[in-house]
Amino acid sequence: MAENQKDIQEQEVRTEEAVEQETSGQPEEAAGQPEDPEQTEDSSQEETGTEEAAAKEEAAEGQPEKKKSPFKKKEKKDKAAEQIAELNDKVKRQMAEFDNFRKRTEREKSQMFEIGAKSVIEKILPVIDNFERGLGAVPEESREDGFVQGMDKIYKQLMTELESLGVKPIEAVGREFDPDFHNAVMQVENDELESGTVAQELQKGYLYRDSVVRHSMVAVVQ
C-alpha cells in the first residue's frame, strides 16, 4: 500500500511539472506578443503621407506664387502682329503683281489688235487707190451714169466704214512738210507756196488711231 501511494504522488508531481513546463514554454499574450504587420505598415504609410503633405504645404507657403510674366504676352502679341503685317504685305504685293499682269496683258492684246488691223488696212488701201483713180478718170459727161454712181457709192461706203474704225487720210497739200507723216519723192517750184510746203500729193497717206499706216507720197516746194 505504501508503495502504491508513493507511485501516485510521484505521478502527480510529474504531471504538475509537465503542466508548468507547458505553461512556461508559451509566450504571454500581453505585452510580449507582437502587433499585426499589416496594421503596422498601414499606420506607417499614413504617418509618412501626412508628413509629406505637411512638408509640401510648408514649402508652398514658403515660396511666393508664380505670376505670368506680361513680357511673354507682349512677345506673343508682337509676333502675331509681325505675322499679320507680313501676310498683308504679301497679299498687297501679289495684288500689285496681278494688276501689272492684267494691264500688261491688255496692252499686249491692244497692240496685237492694232497690228492685225493695220495689216488688214494696208491691204485695203490699194483698193481705195484704184477706186479713186477710176472715179477720177471718168469724164464729166459720164458722171450721171448709173454704173459710175454705183461705184461712187461703194467707194463712199467703204471710206465711211474705215473712218468708223479710226482710219482717216493724212492732210498733206498746203501743209508744212513733216517727215513723220510725209514721204517727199520730188521737189517742185511754186511761187504761191513757201519753201518746204507740200505742193502736190501723189499718193494718199492714212492714219489708224493716230498711228501712221502709210506715209503720204508728196512733192515739196524747193
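Predicted model: local features only at pLDDT ≥ 70, side-chain atom pairs only at ≥ 80, totals over all residues.
How many bridges join β3 to strand β6? Let's start there. The count is 4, with β6 covering residues 216–221 and the two strands running antiparallel.

Residues are numbered from 1 along each chain as its sequence is written, and side-chain values use heavy atoms, leaving out hydrogens and water.

Terms next: strands are DSSP runs of E, at least two residues, numbered from the N terminus, and two of them pair if DSSP finds at least two bridges between them.

Okay, back to β3 and β6. They belong to an open sheet of 3 strands, ordered β2-β6-β3, with mixed pairing. The edges are β2 (182–188) and β3 (198–203); each has a single partner strand, so one side of each has no neighbour in the sheet. Neighbouring strands here are turned by 30° on average, direction ignored; the axes are lines fitted to C-alpha atoms, and angles run from 0 to 180 degrees between N-to-C directions.

Now the other sheet. That one is also open, with 3 strands in the order β1-β4-β5 and antiparallel pairing. Its edge strands are β1 (167–169) and β5 (211–214), each pairing on one side only. The twist from one strand to the next averages 35°. Strand β4, residues 206–208, pairs with β5 over 3 bridges in the antiparallel sense.
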